[in-house]
Amino acid sequence: MAKNTSLPIDSLDFDGIKANLKTYLESQDVFQDYDFEGSGLNILLDILAYNTHYQAFYNNMSISEAFIDSATRNDSIYSLLKLINYTPSSIVASVATVDIIYRGTDIPFDDAILPEKSSFTGAPKDRNGNGVGTSYPFTNPSSVQFIPCSYNDSGEPNEWIAENVQIVQGTFSEFEYIYDRVLGERYQVPNANSDNRWLRIFVKDSEVQDNTVYNEWKRSNTIVDLDETSKVYFLQMGLGGNFEFEFGDDVISKRPDNGSVIAVEYLVTSGPDGNGIGRNDQSGSRVFTLTSGEGDGTFEVVTKSRSTGGAAKETSTFSKRFGPKSFQSQNRLVTAEDYQTEILRRFPLVKSVIVYGGEQETPPQYGKVFIVANTRDSVALSESEKNGIIRDIIKNKKIVSVIPEFIDVDNTYVRVVLDVKYNDAYTALSSDALKSQIRSKIQSYTDTTLEDFGSSFRGSAVIRDVITTSPSIVSVNLLANLEKRIDPTLFLGVIKDYQTVFPNGVYKKAAGSSISSNAFTVDGVKSYLQDNGSGVVQLYTVDAKGRRVVTKANQGTIDYTTGIVKINGIKIQNVLNDSVIRLYATSNNNDIEVSRNQILVIDEQDSTSVIINMSLSDGEPI
């Protein structure tokens with residue numbers, strides 16, 4: 001008679017399952033003295049344990065895929081997101097703004113109108129006007145009117161201009177489906193690299209009725225206010241990570257007639273690769289060219305703002321995180337988190353964003369919500385991008401009485417000086433090779449720790465990372481210098497006040513000035529900024545003998561504790577060999593704290609932002 005008829009099921013790993021099976025068999029009278037390890041039954045127990053373990057693992061994975069938090073397969077994630085009406089973002093095309101100038105005696109194009117979807121080419125250039133990198137196609141989604149801007153002696157126009165033309169990176173393509181109610185009602189967007197912002201769906205009643213016209217059906221994200229006559233389509237992420245669209249059923253929106261022609265117009269783009277086109281644009285060496293121009297004259301495309309906003313397709317990891325948050329807001333912007341979620345989801349160029357109410361300002365500004373957005377390349381949002389976010393993302397979802405307002409990110413550039421002593425007996429690397437590895441460590445620290453809201457610079461953490469670079473390092477000393485950048489280009493030749501803040505305050509030197517600047521022109525004279533050691537900012541020039549000559553003893557103030565620098569009533573005419581005024585100072589502490597809209601950056605493009613001084617030592621490594 002069996003001593004024990006129960007089988008423990010509290011262990012799901014292989015060894016535990018097999019041990020439970022052996023314990024169960026040993027409890028039976030017939031197997032009481034059986035040697036399980038030395039018999040063929042041991043193999044059968046292995047097979048049974050493996051089978052049980054596999055089944056348990058499969059069941060666990062299957063159940064996990066049913067919940068968005070634990071799902072790992074993309075198809076499972078996207079299927080679950082459909083239940084909360086969340087559609088991930090497609091790849092996003094970058095957008096540039098240009099002026100198009102036509103010089104000729106005839107009219108450019110028909111009726112002086114640039115047709116929509118005209119072809120442009122963006123060819124990146126360096127500062128010397130030489131082509132670098134890959135050229136990208138651009139196009140204008142909307143037609144644009146040319147206006148005469150110059151006339152010859154006979155009073156006839158010989159120059160025309162189309163101002164502030166938006167061109168998007170990519171090319172428009174078309175594809176057609178025949179609507180079939182039997183075979184299926186979901187249709188894929190033909191290209192995985194299409195920007196859904198420019199997706200358009202047209203329906204022609206029947207493929208045999210050539211005299212009928214295509215009617216555009218609009219995208220809908222909700223079934224509210226839809227009836228059987230509403231000509232809309234619904235976009236979603238389908239299996240395999242491809243976007244697909246479907247139509248209604250004649251109850252919730254209209255259903256196309258069987259055999260109707262479905263025309264899909266979409267923009268194929270390179271996404272983030274198209275960002276930055278238009279930089280270094282200059283007369284005689286234009287970055288953009290109009291390749292489908294019509295007219296006997298010449299076209300010149302002048303860059304007003306370089307291409308920005310391009311972003312990669314939303315990842316499933318991002319969708320898992322922000323999908324539930326988007327559902328929580330119920331398509332409304334009420335809390336600060338609602339704003340953050342919607343902007344991050346709908347405007348991929350933004351890396352991070354903080355939002356706070358006007359009641360937190362000093363003095364309070366009730367009825368306002370302030371938005372601070374940091375881009376992925378730490379470049380400030382343009383006014384058109386800010387207006388686009390407010391118009392396209394915020395306006396239709398916010399509370400009516402709330403006024404959204406953008407505040408620019410306050411970037412502070414950290415300039416690191418490292419003095420590293422090492423013992424070459426403990427490494428086979430040269431000084432330059434070791435310096436390169438240290439620079440890579442600092443770059444890694446920048447990428448993972450800085451360039452975000454609330455991310456402070458920790459000098460001790462940088463020293464720790466440098467020490468772990470090589471067992472030959474004897475000692476490391478760090479000095480954190482700071483740089484603030486003031487852009488005066490919009491106010492050149494105008495008397496203007498400027499203010500900036502060094503986080504953590506400024507180290508006050510015992511002698512000499514604690515702040516310095518690059519060169520700029522005031523009243524036709526090459527000038528600089530300094531402080532007098534007592535909190536007063538001065539304007540000075542340098543004479544032929546290299547001596548500083550103060551030209552204005554009271555140009556502003558500096559608070560060494562708070563780091564606030566005020567420059568009062570200065571008329572800057574030009575910044576020499578640069579586009580910004582750079583103020584330099586040393587931090588009060590190697591641990592630099594930030595608040596609210598402040599972000600710390602180490603400029604990768606500036607080779608002097610990280611200075612590493614290597615020297616030999618006979619000391620024992622750390």
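In which sense do strand 18 and strand 19 pair, and over how many bridges? I looked this up first: strand 18 and strand 19 run parallel, with four bridges between them. I count strands as paired if DSSP finds at least two bridges between them. Helices (H or I, at least four residues) and strands (E, at least two) are DSSP runs, numbered from the N terminus.

Notes on the model: this is a predicted model, local features need pLDDT of at least 70, side-chain atom pairs count only at pLDDT 80 or more, and totals for chains, interfaces and linings use all residues. Residues are numbered from 1 along each chain as its sequence is written, and side-chain values use heavy atoms, with hydrogens and water left out.

I traced an open sheet of three strands, ordered 17-18-19, with mixed pairing. Strand 17 (350-357) and strand 19 are the edges; each has a single partner strand, so one side of each has no neighbour in the sheet. From one strand to the next the twist averages 25 degrees; axes are lines fitted to C-alpha atoms, for helices over the stretch in contact, and angles run from 0 to 180 degrees between N-to-C directions. For one bridge I checked Phe 370, and its partner in strand 19 is Glu 405.

Helix 5 touches strand 17 and strand 18, and its direction makes about 155 degrees with that of strand 17. Helix 6 touches strand 18 and strand 19, at about 150 degrees to the direction of strand 19. Contact here means heavy atoms within 4.5 Å.

**Entry: helix 6**

I then took helix 6 (residues 383-394) by itself. Its twelve residues reach 15 Å from first C-alpha to last, close to the 16 Å expected at 1.5 Å a residue; the expected span is 1.5 Å times one less than the number of residues.

Which residues of helix 6 are buried? I get Glu 385, Lys 386, Gly 388, Ile 389, Ile 393 and Ile 394. Buried means under 20% relative accessible area, exposed over 50%, partly exposed in between (1.4 Å probe, protein chains only). They cover an arc of only 160 degrees around the axis, which puts them on the same side of helix 6; the arc is that of the directions from the helix axis to the C-beta atoms. Their cover includes strand 16 (298-308), helix 5 (336-346), strand 18 (368-375) and strand 19 (403-406).

**Entry: the largest nonpolar core**

A nonpolar core is a set of buried Ala, Val, Leu, Ile, Met, Phe, Trp, Tyr and Cys residues joined through side-chain atoms within 4.5 Å. The largest has 46 residues, and Leu 418, Ile 438, Phe 457 and Phe 520 touch the most other members. Strand 22 (residues 473-486) gives the most to this core, six residues. Apart from it I found another core of 44 residues, among them Leu 81, Ile 201, Met 237 and Ala 373.

**Entry: strand 22**

Ten of the 14 residues of strand 22 are buried, so the rest of the structure largely encloses it. Strand 20 (residues 410-422) runs antiparallel to strand 22 over ten bridges, and Val 420 has Val 476 as its bridge partner in strand 22. Strand 31 (residues 581-586) also pairs with strand 22 in the antiparallel sense, over six bridges; there Arg 485 is bridged to Arg 582.

**Entry: Lys 441**

Lys 441 sits in helix 7 (residues 431-449). I find Lys 441 partly exposed, at 33% relative accessible area. Beyond its neighbours within four places in sequence, Lys 441 contacts Asp 465, Thr 468 and Thr 469.
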